[in-house]
Amino acid sequence: MEPFPSDRVQLPRNMIENSMFEEEPDVVDLAKEPCLHPLEPDEVEYEPRSSRLLVRGLGEQEIDDDEEDYESSAKLLGMSFMNRSSGLQNNMSVYRQNPNGSCSVPSTRTVVVCTVVFVIAFSLIIVIYLLPKCTFTKEGCHKKNRTMELIYPLATNGKLFPWAKVRLPPDVVPLHYDLVLQPNLTTLKFSGSVKIVVNILHVTQKIVLHSSGLNITKATIASAQGHQAKLVEFLEYPLHDQIALMAPEALLAGQNYTVNMEYSSNLSDTYYGFYKISYEDENSKQRWFAATQFEPLAARSAFPCFDEPALKATFLIKIKRDEKLSTLSNMPKKATTPVTNGIVQDEFFVSLKMSTYLVAFVVADLKNISRITNGTLVCVCKFCFVLPKLTRLLNKTKMSPNQQANSVSLKFVYLLHFIELIIAMGQKLCAIKWTEVSVYAIPQHVNQIGYALDTTVKLLKFYQNYFLMKYPLEKLDLVAIPDFQSGAMENWGLITFRETALLFDSNTSSARDKKLITSVIAHELAHQWFGNLVTMEWWNDLWLNEGFATFMEYFAMEEVFPELHSGASLLLMLKHYLSKDVFQAGIEVYLHNHSYGTAQSDDLWDSMNEITNGTLDVKKMMKTWIGHKGFPLVTVVRKGKIISVQQEKFLFRVEPENWTSDASYLWHIPLTYITNRCNFTHCTNAFLLDQKSAVIELPEEVEWIKFNVDMNGYYIVHYAEDWKTLIDLLKKNHTALSPKDRANLINNIFNVARLGRESLEKAFELIDYLSKENSTAPLTQALFQLSLIYSLLDKKGEQQLAARVMHRIEHLLGDKIDQQRWTDDGALSERELRSTLLAFACTHDIRNCRTTAAKMFETWMKSNGTVSPPSDVMKAVFAVGAKSNDGWEFLLKMYFSSVSESEKNKMIEALASTEDARKLIWYEGAKKLLMQNSLEGEVIRSQELSHIIATVSQSLPGYLLAWDFVKESWEKLTRKFHLGSYTIRNIISWSTSQFATKAHLLEVKSFFESKSEESSQLRCVKEAIDTIQLNIQWMERNLAKLQELL
């Protein structure tokens, strides 16, 4: 799953974030839901301690003796009354008011009853507390040195629920689901039935599975022998989203049983589960659209299921619908049959074995375009199992980590694939397999899906060739959803997208829009293998999905769309170190060994080790990255031909003043470097830094050395005494380094300067060469770093100093801004640079940018929106137009009528960027903030809210307004977007990232501490607080220096 595309703009989580990592790092903070995500079996995230003791039972907690005795007894006493407390409330008013307002004296009976209750309760507590070495469970007192049984929680009906853990019991596994659904897009409700074939692994009398918000009306169990289904009692425990079916007799190990349930529910009004979406059609008529978003834990809100990634099964899905609508699901449609007047049922083919979070269905009025991909020869034979075994014969062949493409061993791998094909052909079990690729959208957007179809076909072909493994389904659908929280979701065979991440309008979509669409498609297609075919066993290994998808996104962009390529990742670093072919062979082994199953991190590294055959222990190396938070800082000292390198943790978070680096933070870093003796890519040298410090001895002395060639590594470099040498190199001959290396130096020096390890003066000195720079990467990196400084000073009230920073930017980049043409001409990288520079220049009124943009906006307005400005400069033109009253009102009117999502995206950003705070309010029955309207989704979709808040937060008048809105709307925000969502993370990050005072730090801390424990303990809240602390530290360290420097 991709985050909301507009969230991919460059904003660090704190002032020292490594901005060269364009995406969320694929190993650091690896979670699709970055604030909140499922944990290990014995972990319940952000649950209060008392709740954990009650829910999970005693004996699992390690607490102090006195505390354990007290809490144990308290919970034993409290559980019996938990579900009756509401019923007792009316009887608890012992003291009542007289008509005159005074309190009456309690009756004698009341006093006696209260006294007796108090004495009994006090006596029980004393007895329990004084019992030596004793803790009470449901069976009485157990000595502490013995294993204690769980205390089972209470179900909604007051009975004991037979399971106390978050993870489901291992007694039962699902094999197959028959799911029938009937959504009603008039009542906005749905009904359903599910038939689950389960296998019993251990004798049990209960089947525990997931259900959330479903009104279950009937449940039965039948044996596989065809015995009549028997009604069973079912218990519900909403805190864990679990239900338990209580069988009338023991369910025998090794036997299959069929569970059948009927239920109903409302279509969700959030972005989670089976949810409803409203939109206007070409005739401005309101229409409804139903879609799913199940990852990570929401399949259970659409049908009762075993909602854990490892519990894979096959699915037969049937959906009843209005005959005027369409349905889509993971598999191709098998048949459509009439049900009643105007209602038909679509039945889909049985799916492959997959996890519940990948199940998907859509019910809507959709149009599509399709293409049959080139046929692939697929052969099946009884000898095919030999391939993985023969591949492992490579263990007998020693291979170097940097072995190149002419490796005899690797050629042997390809020969084995050819042998497999010949054997299968000899058995005459070969066939040509085709895949139908389709892109769907609502009817008014069907003319914007052509680019997505072309891109998908190209990328699908690339992935199949790279993995040497056919895409396993007969169809692949991509659907643009009118209101979608994330960027996209990789449901197997039915990938869902936000419209801005899939729709491309040749008249209004910019080069940057094209890059975003391409990268999101590349990411989601990679998931069809990494995540869908092979799935992480539990969410703590989510990086196996996301890390690989991110890596393949970058790699596929580099191979298929080189003009759009950018980004870095941990796996990209590993690929460059092992060599392209060794890495590819390891991936092939991994996919073949774990297809249709689950995997853990070690499985991937073991597959790599099968190929390296002991020449490099990939598992040992990569565990140092998976096991540590953050990333390393490498300090380089050059003396003659001796290069000393030393690693430490890059201080990603605020640490106490007396903090010293933890010795356990030791990465195995595959360093790469070039020198003046040979500074081309094919001359790249490698060195594995697997100690705190090491020495590299060069063959001869060099004038300069540059580490992390082309930013392929996942580390920051501090050159200590050698920064001056590199600064001189850039001034004299900047093309001696590649554009990526130049961008990398800019990034690194500003980051180490923010740490206080280098002076800001030297960082500014390094970018003095930019007047000679023509490449996009270093120019945009420098602009990003300087913009961070400007924004902090501006919000801190240091407007004069901020103006001097802006003057410095104009001095460095003014000529580049003047050279930009207000067209869509040139290479894609040139067009992207044009968009960035002109948008920045117009926002800050540099040179004549606003004059040109205002003329173009006037032309567009006079044409009533029919003569659009060039797409690459549209953002700058709209931003300038929104600064006038008439322009702002016209943009708002055009936003309502535009059918181009990329154009609307630029409009909403322009509307939110106004410096007139009053313009963030309009009249729609009553005064409503632009942000408030988006939250309610009345005119502006709720999916745009984080984008609006991000834009509002960047302006001086808006950043406090954005934070006030978050505070006032927190409860509504957390109801609309679940706490673990990218939206909540980005709302918190954007609305607080500009703060740099102790007063604001205290305000943010106090606000979240006043909220629920779930909210206050979110990782993104802690990161927001870290950001403010780092901003404060940066100000204290650099404010006076900047005043001298500028």
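Figure 1. Arg847 is partly exposed, with a relative accessible area of 32%. This value leads to the label because partly exposed residues fall between the limits of 20% for buried and 50% for exposed. The model shown here, as in every view below, is predicted. Arg847 belongs to the loop between helix 19 (828–843) and helix 20 (849–862). Although Arg847 is not a glycine, its phi is positive, at about 55°.

**Figure 2. The disulfide of Cys842 and Cys849.** How many disulfides does the structure hold? The structure holds 1 disulfide, and the cysteines that it joins are Cys842 and Cys849. A disulfide is a covalent bond between the sulfur atoms of two cysteines. Here the distance from S to S is 2.0 Å. The link of Cys842 and Cys849 is left-handed, with -85° about the S-S bond. Are the two cysteines buried or exposed? Cys842 counts as buried because its relative accessibility is 1%. Cys849 has a relative accessibility of 3% and therefore also counts as buried. For another cysteine, Cys305, the relative accessible area is 0%, so Cys305 is buried.

**Figure 3. The crossing of helix 10 and helix 11.** Two packed helices are described by the angle between their axes and the distance between the axes. Helix 10 covers residues 570–578 and helix 11 covers residues 580–594. Their axes come within 6 Å and cross at roughly 120°. Helix 10 and helix 11 are therefore oblique to each other. On the side of helix 10, the contact is made by Leu571, Leu574, Lys575 and Leu578. On the side of helix 11, the residues that make the contact are Lys580, Val582 and Phe583. Sorted by class, the contact of helix 10 with helix 11 has 5 nonpolar and 2 charged residues, and no polar ones.

**Figure 4. Thr612 and the backbone of Leu616.** Thr612 lies in helix 12, which is made up of residues 601–612. Thr612 counts as buried because its relative accessibility is 1%. Which backbone atom does the side chain of Thr612 reach? The side chain of Thr612 reaches the backbone oxygen of Leu616, at 3.0 Å.

**Figure 5. Val717 and the residues around it.** Val717 is part of strand 33, which consists of residues 716–718. With a relative accessibility of 0%, Val717 counts as buried. If residues up to four places away in sequence are not counted, Val717 touches Leu633, Val634, Val636, Phe707, Asn708, Trp723, Asn748 and Val752. The view also includes Asn744, which is 27 residues from Val717 along the chain. The C-alpha atoms of Val717 and Asn744 are separated by 9.1 Å.

Figure 6. Asn708, one of the residues touched by Val717, is found in the loop between strand 32 (705–707) and strand 33. The relative accessible area of Asn708 is 0%, so this residue is buried. Asn708 is not a glycine, yet its phi is positive, at about 60°.

**Figure 7. Glu648 and its partner Arg757.** Glu648 is located in strand 28, which runs over residues 642–649. Which residues are in contact with Glu648, leaving aside its neighbours within four places in sequence? They are Pro632, Leu633, Thr635, Trp667 and Arg757. With Arg757, the side chain of Glu648 forms a polar contact of 2.9 Å. Trp667 is 19 residues from Glu648 along the chain, and the C-alpha atoms of these two residues are separated by 8.6 Å.

**Figure 8. The cis peptide bond of Glu295 and Pro296.** The peptide bond that joins Glu295 and Pro296 is cis, with omega at about 0°. Pro296 lies in the loop between strand 12 (286–293) and strand 13 (314–322).

**Figure 9. The whole protein, as a setting for the close-up views.** The secondary structure of the protein comprises 31 helices and 35 strands. Of the 1046 residues in the protein, 57% are buried. Among contacts with a separation of 6 or more, 72% are between residues 24 or more positions apart.

Terms used
Residues numbered from 1 in each chain as written. Predicted model: local features only at pLDDT ≥ 70, side-chain atom pairs only at ≥ 80, totals over all residues. Heavy atoms only, no water. Disulfide = S-S within 2.5 Å. Buried < 20%, exposed > 50% of the residue type's maximum accessible area, 1.4 Å probe, protein only. Axes fitted to C-alpha atoms, helices over the stretch in contact; angles between N-to-C directions. Helix = DSSP H or I, 4+ residues; strand = E, 2+ residues; numbered from the N terminus. Parallel < 35°, antiparallel > 145°, perpendicular 65-115°, else oblique. Contact = heavy atoms within 4.5 Å. Nonpolar A, V, L, I, M, F, W, Y, C, P; charged D, E, K, R; others polar. Polar contact = N/O pair within 3.5 Å; in protein donor to acceptor, adjacent residues only side chain to side chain.
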